Amino acid sequence: MRIVSTLASATEIVSHLGLDDRLVGISHECDFPPHLLHLPRVSRPRFDPRGLDSGQIDAAVRAAMRDHGSVYEIDDALLASLEPDLILAQAVCEVCAVPTAGVRSVVEARGLGADIVSLDAHTIEQILGSIEEVGRAAGAVEAARTGVGELRRRLEAVRAAVDGATPPRVLAVEWLDPPFAPGHWVPEMVTRAGGRNLAGEAGAPSRQLEWVALEGSDPDVLVVMPCGFGVDQARAEADAHADRLLGVAPRA
């Protein structure tokens, strides 16, 4: 079986299931595991995000959606040349990674015989289900079952570690210009880690806010986590918006 992954998390799932030798293509965003990063990249953004701050990226994303209906392009000739049997895509967010609709249109236009598995997880339980779904599609059911069992044990260890502790007030900010409160599985992660989540709804989409809505949140823990940014870039964004963040910063 020849597998192409169009999102970073699916690439990690494939590797976690021990299917590295079946992976023949990855997305432009894939950055782990290192030994798979030499593989052909079948997607690219419609703009170069390098050197852009969060406000500039937001503007470019909105322009791409307005002008093209998508933030990403698929190299259809490359995808066809890889002759995939299975393509892993996603339906969680049109902005965060190549959406399933774009993959399907290329598959149909090129007459490819590949199966498409669209991962659409919005909760931690659904993430575990996605691992099992990939396992079924790739013929690695037992590996998926074992991997999910290991993850459940790790989750239980976290639950046991924080059981009975006073939950700190946690404010996670998923984007800074404009500010977004995280959704999907992130609020649940905060809760499972023993915190009290202050903004964002578990299982629901991430939500754009105004800074005034966050003022006075007075969290014990402030998590600045711009989607898709590495640590250094996230720190730079936090520094650039320090005045705004001071209005919601943790108590001294």
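Helices (H or I, at least four residues) and strands (E, at least two) are DSSP runs, numbered from the N terminus.

This is a predicted model, in which local features need pLDDT of at least 70, side-chain atom pairs count only at pLDDT 80 or more, and totals for chains, interfaces and linings use all residues. Residues are numbered from 1 along each chain as its sequence is written, and side-chain values use heavy atoms, with hydrogens and water left out.

**The four-stranded sheet**

Four strands form an open sheet in the order β2-β1-β5-β6. The pairing is parallel. Two strands pair if DSSP finds at least two bridges between them. β2 (23-25) and β6 (115-119) stand at the edges. Each has a single partner strand, so one side of each is left without a neighbour in the sheet. From one strand to the next, the twist averages 30°.

β1 (residues 3-5) and β5 (residues 86-90) pair in the parallel sense over three bridges. Serine 5 has leucine 88 in β5 as its bridge partner.

Helix α1 spans residues 8-16. Its buried residues are Ala10, Thr11, Ile13, Val14 and Ser15. Buried means under 20% relative accessible area, exposed over 50%, and partly exposed in between (1.4 Å probe, protein chains only). Their cover includes β1, β2, β5, β6 and α5. Contact means heavy atoms within 4.5 Å.

α5 lies across β1, β5 and β6. The helix runs at about 170° to β6. Axes are lines fitted to C-alpha atoms, for helices over the stretch in contact, and angles run from 0 to 180 degrees between N-to-C directions.

α5 (residues 124-138) also meets α6 (residues 141-162). Their axes come within 7 Å and cross at roughly 160°. α5 and α6 are therefore roughly antiparallel to each other. Angles under 35 degrees count as roughly parallel, over 145 as roughly antiparallel, 65 to 115 as roughly perpendicular and the rest as oblique. The crossing of α5 and α6 is right-handed; that is, the near helix is turned clockwise from the far one by less than a right angle.

On the α5 side, the contact uses Ile124, Glu125, Leu128, Ile131, Glu132, Gly135 and Arg136. On the α6 side are Val141, Ala144, Val148, Leu151, Arg152 and Leu155. The residues of this contact divide into eight nonpolar, one polar and four charged. Ala, Val, Leu, Ile, Met, Phe, Trp, Tyr, Cys and Pro count as nonpolar, Asp, Glu, Lys and Arg as charged, and the others, Gly among them, as polar.

Glutamate 188 sits in helix α7 (residues 186-192). At 18% relative accessibility, this glutamate counts as buried.

**The three-stranded sheet**

A further open sheet has the order β10-β7-β12, with parallel pairing. β10 and β12 are the edge strands, each pairing on one side only. Strand β7 (residues 169-173) is mostly covered, with four of its five residues buried. Two bridges join β7 to β10 (residues 196-197). Four bridges join β7 to β12 (residues 221-224). The table lists bridge partners of residues in β7.

| Residue | Partner | Partner strand |
|---|---|---|
| Valine 170 | Asparagine 197 | β10 |
| Leucine 171 | Leucine 222 | β12 |

**Loops and backbone**

Two cis peptide bonds deserve a look. One joins phenylalanine 32 and proline 33, with omega about -5°. Proline 33 lies in the loop between β2 and β3 (43-45). Another joins aspartate 177 and proline 178, with omega about 0°. Proline 178 lies in the loop between β8 (175-176) and β9 (179-181).

Positive phi also occurs away from glycine. Glutamate 83 has a phi of about 50°. Glutamate 83 lies in the loop between α3 (76-81) and β5 and is exposed, with a relative accessible area of 56%. Histidine 184 has a phi near 55°. Histidine 184 is in the loop between β9 and α7 and counts as buried, at 10% relative accessibility.

Glycine 69 lies in the loop between α2 (54-68) and β4 (72-74). Glycine 69 is partly exposed, at 47% relative accessible area. Glycine 69 and glutamate 94 are 25 residues apart in sequence and 9.4 Å apart in space, C-alpha to C-alpha.
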